[in-house]
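Biologist: I have a model open and want to learn how to read it. Where do we begin?
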Amino acid sequence: MTRVALLVTLLVCVTPITLAQAQKKAPVANSALCTRNLALDNAKQQILFARTFDGVVQRISVLLRAADLLWPYDAEKASAAFMEAFDLAVQNFKEHGDQVKRTSQSRFAAVIEVPDQRYKVIGAIAKRDPAKARKLSEELMDEAAREAADKPVANDQDKIRTAEKLLSVATELVKTDQTAAMNFARQSFRYPATLYLPIFLYQLAKVNQPAANRLYEEALAAYSSASMDRMLYLSAYPFANTRDAGDMPGYTTYLIPETFVANQGLQRLFVQRLLARAQAATEVVMEPAPPNRLSDHGQMWLAFTRLEKQIQANLPDLAEQAAVAKDQLYSSLPQPSQTRLTNTITRETQPKKTFDELVEAAEKMPDVNTRDQNLTMAVIGSSKGESIERVVSVVDKISDADVRSGLLNWFYFFRTQDLIKEKNLEDARKTAAKVVELDQRAYLFSRIAEESLKRSEDQTQAREMLNEIGEAAGKAPKTVVSARALLALAYLYAKIDVNRGVEEMGNAVKVINAIESPDFSQQFVMMKLEGKTFGSFASYATPGFNPENAFREIGKLDFDGSLVQAATFADKSLRALTTLAVIEPCFEAAPPKSTTKKPKS
């Protein structure tokens, strides 16, 4: 039997005896199975294995991962795998279109958009072959344009989603290929602007602000005649603001890079364009606003008002013109719009109420459901600086028992996160112990243990914390959250005891095998809190502790044991992805000696 055949057999046939033997083997550097030739053959085997999957999305994920690993050594085989994934993605979109998931059946449920697999593939290809990726995306856009031309009315939501998908690809490429990232961003200018545009610009500025500034100028030119619902997505970036100046169809709080410098030249360009639009608007009859939206006149007034102080400070020569335009716009608005805008600015400029003031106001509400809602929002939004005892006393005032218990769990969970960030691990540990949801508690313990190991070399203390994780996870329901905690436990144990780490990894696999359709594609978990008249949602990041990353890291410590454990996944795609993660370091066992020419685009 050749070594290649031995490796393939090892991935399929696993016994307890083999596992025990594998755990005693040496780390990657000394493993006879960790060679480039075996890794190359194994990656190609996973491509074939993927064709046995029932799920298209899972098959695409494995094809992309294998192709990316193969590219430096066999670009022709990798390109074929990429295109196989793209063809599957195109077919999947034709059959299902854009898809969304609801967090629950409640009318307050959050909706999460499922990634368009076509653009997921294009993003993966772009990291290896930008020209090919750009060609594929242009073909998709041309096809979409032809379909839109055949429809009686173009679907604006389809255009918006296309822009978001292109900018998502661009954002993923920022760190690896700025030129490709900017090209994808430029392609999005053919579609309506969305909040994804400033997100991308800030991400690009983080690594190359001059390039981001130049691209901003292009974007401003592209959207200078667009409706204010779209043009004002260009209002935040030049001023280094975290929010847009208008009342946008979708909004978020932008993360400003620490090194970002507001650019007065770009501020001037934006304000001059806004002044020109305001002047033109006052010379024509105002068009009615869309339902529940502001007119362009109202949007411009709001933008001038919110940017007023920054214009006065940074562009004093334009301040008077801006003030005149603002007054003219306001006078052109109907009375209901004036009242709405005035109330908006009044709310924004009022001093923020303290936690006690919010609680006092809530307690005066005669309707019990409204009172519960306002107390809940006070705890969620304004209790960060309050003592645990004080917040718990407010939660106790809520009449709905389900909301009360859910909110208490929510508070303990996120307060623990804050304490971990503050490096207050002792209090974090006590607070995490009060989290009722055991999978969430196990996850918190894993984060505390990780921080503890960074700060202390005391293995006794570390083992105590790791044992707590194991105990909590053992009692927890079998969910993706508890599985992540067990993967974290395995990774952390491996740092101080490799054999125990591999053993815990086996426990994690058992939990994952018990979950129906385990999905680790999202790097966050959604938490929800629902009352009779409201719904509140929050997500918490769970980076690092998915099967691929855990197996990759532990595989560096015990290659053979990790490879054996990867073969025990019931889910075929997880089996393939974790195997690829373990063998990844083996590709660098020697300098590349590829004789295959890069395929033409």
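Modeller: With the elements. The protein chain has 28 helices and 4 strands. Keep in mind that this is a predicted model.

Biologist: What share of the 601 residues is buried?

Modeller: Buried residues make up 47% of the protein chain. The protein chain exposes about 29000 Å². Carbon and sulfur atoms supply 50% of that area.

Biologist: And what share of the contacts joins residues 24 or more positions apart?

Modeller: Take the contacts with a separation of 6 or more. Of these, 68% are between residues 24 or more positions apart.

Biologist: Is the crossing of helix 6 and helix 8 left-handed or right-handed?

Modeller: The crossing of these two helices is right-handed.

Biologist: Which residues of helix 6 and helix 8 meet?

Modeller: Helix 6 brings Arg118, Tyr119, Gly123 and Ala126. Helix 8 answers with Thr162, Lys165, Leu166, Val169 and Leu173. Sort the residues of this contact by type: 5 are nonpolar, 2 polar and 2 charged.

Biologist: Give me a second pair. At what angle do helix 10 and helix 12 pack?

Modeller: Helix 10 (residues 196–223) and helix 12 (residues 264–281) pack at about 5°. Their axes lie 11 Å apart. That angle makes helix 10 roughly parallel to helix 12.

Biologist: Which residues make the contact between helix 10 and helix 12?

Modeller: On helix 10, look for Asn213, Tyr216, Glu217 and Leu220. On helix 12, find Leu266, Leu269 and Phe270. The residues of this contact divide into 5 nonpolar, 1 polar and 1 charged.

Biologist: Last, a single residue. Is Glu504 buried or exposed?

Modeller: Buried means under 20% relative accessible area. Glu504 has 7% relative accessibility, so Glu504 counts as buried.

Biologist: Where is Glu504 found, and which residues is Glu504 in contact with?

Modeller: Glu504 sits in helix 25, which covers residues 498–513. Set aside its neighbours within four places in sequence. Glu504 is then in contact with Leu486, Leu489, Ala490 and Tyr493.

Technical notes
Residues numbered from 1 in each chain as written. Predicted model: local features only at pLDDT ≥ 70, side-chain atom pairs only at ≥ 80, totals over all residues. Heavy atoms only, no water. Buried < 20%, exposed > 50% of the residue type's maximum accessible area, 1.4 Å probe, protein only. Contact = heavy atoms within 4.5 Å. Areas by Shrake-Rupley, 256 points an atom, 1.4 Å probe, with all protein chains shown as cover. Left-handed = near helix turned anticlockwise from the far one by under 90°. Nonpolar A, V, L, I, M, F, W, Y, C, P; charged D, E, K, R; others polar. Axes fitted to C-alpha atoms, helices over the stretch in contact; angles between N-to-C directions. Parallel < 35°, antiparallel > 145°, perpendicular 65-115°, else oblique.
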